[in-house]
Amino acid sequence: SHDRATSNHSALIMKTHTARFEPSENSEKPTEGYIVPDLVYSVCAASDLEVWTLTSKYLLKNVPSKNYLLIVPDGEVSLFKQVTDRMINIIPESVYVPGLKDRLIEKMLPNTTGRLGWYLQQFIKLAVLYEARPHENFLIWDADTVPIKTIYFFRETGEVEFYTGTEAHNPYFDLTQKLLGFRKTAIVTGK
C-alpha cells in the first residue's frame, strides 16, 4: 500500500541523514533569530556534475542545515559519491518517483521531450516535500547554483527569507503561471 511504502521510505530517510552543520573557519556563526532547515536537498544529473562538485563544497560551508540530500539518476549514484562529501546523503531518484520517467515519456508531447529531465526533477522535488512533517523546514537548492556566502532562510518567528535574482527563463515562468497562477513580478528598488 502507499502508506506502507511511504512510512518505509520515511524510515530510510530518517536513518540515513546524519550530516550536521559545522561552520568552517571562513563561514559565519549561525545568526541570532534564524533557524537552520531540517533538510537542504538538490536534484542533479551527470550533465551538471562539474558545477555540482563546486556547489556541494560551498553548500556545506554556506547553507547551514541539519541534513543534506542529493537525488540523482539511479545509474549515477556511484559517480556522485566519488565527488560529493560524505555529509551529503545520495539517493537514487527511483526511491522517490519509481517508474515516473517512463510514464512522463508516454504522456509528454513530442516537442517537449527535450525537457524530460527538467520535468522529472520538479516531480522529485515535490516528492521529497511530501515526506516533510508539518513542523519541518525543507529547502530545495538548485544543484547548479553555487552559494558564495552564508545564507539563512528561516527566521525563528516563522518568516521565510526570499532572495531574488535577475534571470528570465520564460518557459519556466510560463509554466509556473499555467500550473500555479503565479506571474513573474519585478521588484524595483531605488530610483
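**Close-up views of the predicted model**

Read along the sequence, the protein follows the pattern α-β-β-α-β-α-β-α-α-β-β-α. The model shown in these views is predicted.

**View 1. Overall architecture of the protein.** The protein contains 6 helices and 6 strands. Of its 191 residues, 36% are buried. Among contacts between residues at least 6 apart in sequence, 67% join residues at least 24 apart.

**View 2. The open parallel sheet.** Here 4 strands are arranged in the order β4-β3-β2-β5, with parallel pairing. Strands β4 (88–92) and β5 (138–140) form the edges, each pairing on one side only. From one strand to the next, the twist averages 25°. Strand β2 (residues 39–43) is joined to strand β3 (residues 68–72) by 4 bridges, and these two strands run parallel. Within this pairing, S42 has L70 of β3 as its bridge partner.

**View 3. Helix α5 and the nonpolar patch.** Helix α5 lies across β2, β3 and β5, and runs at about 160° to β2. A nonpolar surface patch of about 340 Å² is formed by F123, L126, L129 and I140. Helix α5 (residues 116–130) provides the largest share of this patch, with 3 residues. F123 is located in helix α5, and its relative accessibility of 39% places F123 in the partly exposed class.

**View 4. The salt bridge between D38 and K66.** Side chains of opposite charge can pair when their charged atoms come close. The side chains of D38 and K66 form a salt bridge, at 3.2 Å from N to O. D38 lies in the loop between β1 (34–35) and β2, and K66 in the loop between α2 (49–62) and β3, so the pair ties together parts that are 28 residues apart in sequence. D38 is buried, with a relative accessible area of 15%, whereas K66 is partly exposed at 36%.

**View 5. Two further salt bridges.** The structure holds 4 salt bridges, including the two shown here, R133 with E136 and E161 with R155. In the pair of R133 and E136, the closest N and O atoms are 3.5 Å apart. R133 is partly exposed, with a relative accessible area of 37%, while E136 is buried at 15% relative accessibility. The side chains of E161 and R155 meet at 2.4 Å, N to O. E161 is buried, with a relative accessible area of 19%, and R155 is partly exposed at 32% relative accessibility.

Terms used
Residues numbered from 1 in each chain as written. Predicted model: local features only at pLDDT ≥ 70, side-chain atom pairs only at ≥ 80, totals over all residues. Heavy atoms only, no water. Patch = residues over 30% accessible without salt bridge, like charges linked within 9 Å, V, L, I, M, F, W, Y side chains within 5 Å. Areas by Shrake-Rupley, 256 points an atom, 1.4 Å probe, with all protein chains shown as cover. Buried < 20%, exposed > 50% of the residue type's maximum accessible area, 1.4 Å probe, protein only. Pairing = 2+ DSSP bridges. Axes fitted to C-alpha atoms, helices over the stretch in contact; angles between N-to-C directions. Contact = heavy atoms within 4.5 Å.
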